[in-house]
Amino acid sequence: MKILVVEDEERVAQFIQKGLKEEGHAVDVSPDGEDGGFLAEVNDYDLIILDLMLPKKNGLQVCKEIREHGIITPVLMLTARDSVEDKVRGLDAGADDYLAKPFAFEELLARVRALLRRQSETKTPTLKIADLELDPMSRQVTRSGQAIRLTTKEYALLEYLLRNPKKVLSRTLIGEHVWDMNFDPESNVIDVYVSHLRTKIDKGFEPALIHTLRGQGYILSDNAPLS
Ligand code: CA
């Protein structure tokens, strides 16, 4: 999943980013409300973790504005104070959940999981193409009923492909969604991961599902593309 963290305290931002990356998420970090609001509107995130006290624009304002612009991405609001008033204001501004600092990373993770689960339930329960299935709830992947074990990054890549079937996905797009905005699209990391994923989900099965379009990127399809 792709997550935006808007947090001006560098230490906290890095701590959250590192932990979420270890869980296999792509994480962008923004240091202030203006930049964070901008990123939330131009990129397609699955979750936004938004600090309340931010330079330039506070979290309440950012949340209100992105909701006014029709962005329904779940928002988890962070704040230094655990006051009922702050909580109510946050929820009124359109936040979905609330966490007071300091927090244990395990608690943040549990809330992130709950919000992402809610999000994927409203999207599609099981993602599938041909006989390949991915269950975002249990993170189980099967092909022809056989369980396939994937690393967290391979899983994230496959989930992205399955959410965008039969669409040509450039390396830049894949990099932005599965890695993060600082990803270098010139590197061959994506090709390496696609190759691993292909070995696991296509080798020994028919039809092949991951196709390479030279000079364009990749496409997940149960029909071989024409070019
Ligand atoms: Ca802050």
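I work with a predicted model, in which local features need pLDDT of at least 70 and side-chain atom pairs count only at pLDDT 80 or more, while totals for chains, interfaces and linings use all residues. Residues are numbered from 1 along each chain as its sequence is written, and side-chain values use heavy atoms, with hydrogens and water left out.

**Calcium site.** The ion is coordinated by Asp8 (OD), Asp51 (OD) and Met53 (O), at 2.1 to 2.3 Å. Along the chain, these donors follow the spacing D-x42-D-x1-M. Asp8 sits in the loop between β1 (2–6) and α1 (10–22), and Met53 in the loop between β3 (47–51) and α3 (59–68), so the pair ties together parts that are 45 residues apart in sequence. I take helices (H or I, at least four residues) and strands (E, at least two) as DSSP runs, numbered from the N terminus.

I then checked accessibility, where buried means under 20% relative accessible area, exposed over 50% and partly exposed in between (1.4 Å probe, protein chains only). Asp8 counts as partly exposed because its relative accessibility is 34%. Met53 has a relative accessible area of 55% and is therefore exposed.

**Helices α6 and α7.** I looked up how α6 (residues 152–163) packs on α7 (residues 171–178): their axes come within 10 Å and cross at roughly 120°. That makes α6 oblique to α7. Axes are lines fitted to C-alpha atoms, for helices over the stretch in contact, and angles run from 0 to 180 degrees between N-to-C directions. Under 35 degrees counts as roughly parallel, over 145 as roughly antiparallel, 65 to 115 as roughly perpendicular and the rest as oblique.

On the α6 side I find Lys153, Ala156, Leu157 and Tyr160, which meet Leu173, Ile174, His177 and Val178 of α7; contact means heavy atoms within 4.5 Å. By class, the contact has six nonpolar, one polar and one charged residues.

His25 is in the loop between α1 and β2 (26–30). It is buried because its relative accessible area is 8%. Leaving out residues up to four places away in sequence, His25 touches Met1, Ile3, Leu20, Leu116 and Lys153.

Ala147 is in strand β9 (residues 146–148). Its relative accessible area is 61%, so I log Ala147 as exposed. With the neighbours up to four places away not counted, Ala147 touches Val141 and Thr142. I also read off the C-alpha separation of Ala147 and Lys128, which is 14 Å for residues 19 apart along the chain.

**Backbone.** Most residues other than glycine have a negative phi, and most peptide bonds are trans. I looked for departures from this.

The peptide bond from Lys101 to Pro102 is cis, with omega near -5°; Pro102 is in the loop between β5 (97–100) and α5 (105–123). The bond from Glu206 to Pro207 is cis, with omega near -10°, and Pro207 lies in the loop between α8 (189–201) and β10 (210–213).

Lys56 has a positive phi, near 70°, and is found in the loop between β3 and α3. At a relative accessible area of 62%, Lys56 is exposed. Arg139 has a positive phi near 60° and belongs to the loop between β7 (132–135) and β8 (140–143). Its relative accessibility is 39%, so Arg139 counts as partly exposed.

Methods:
Nonpolar A, V, L, I, M, F, W, Y, C, P; charged D, E, K, R; others polar. Donors = N, O, S within 2.8 Å, 3.2 Å for Na, K, Ca; no water.
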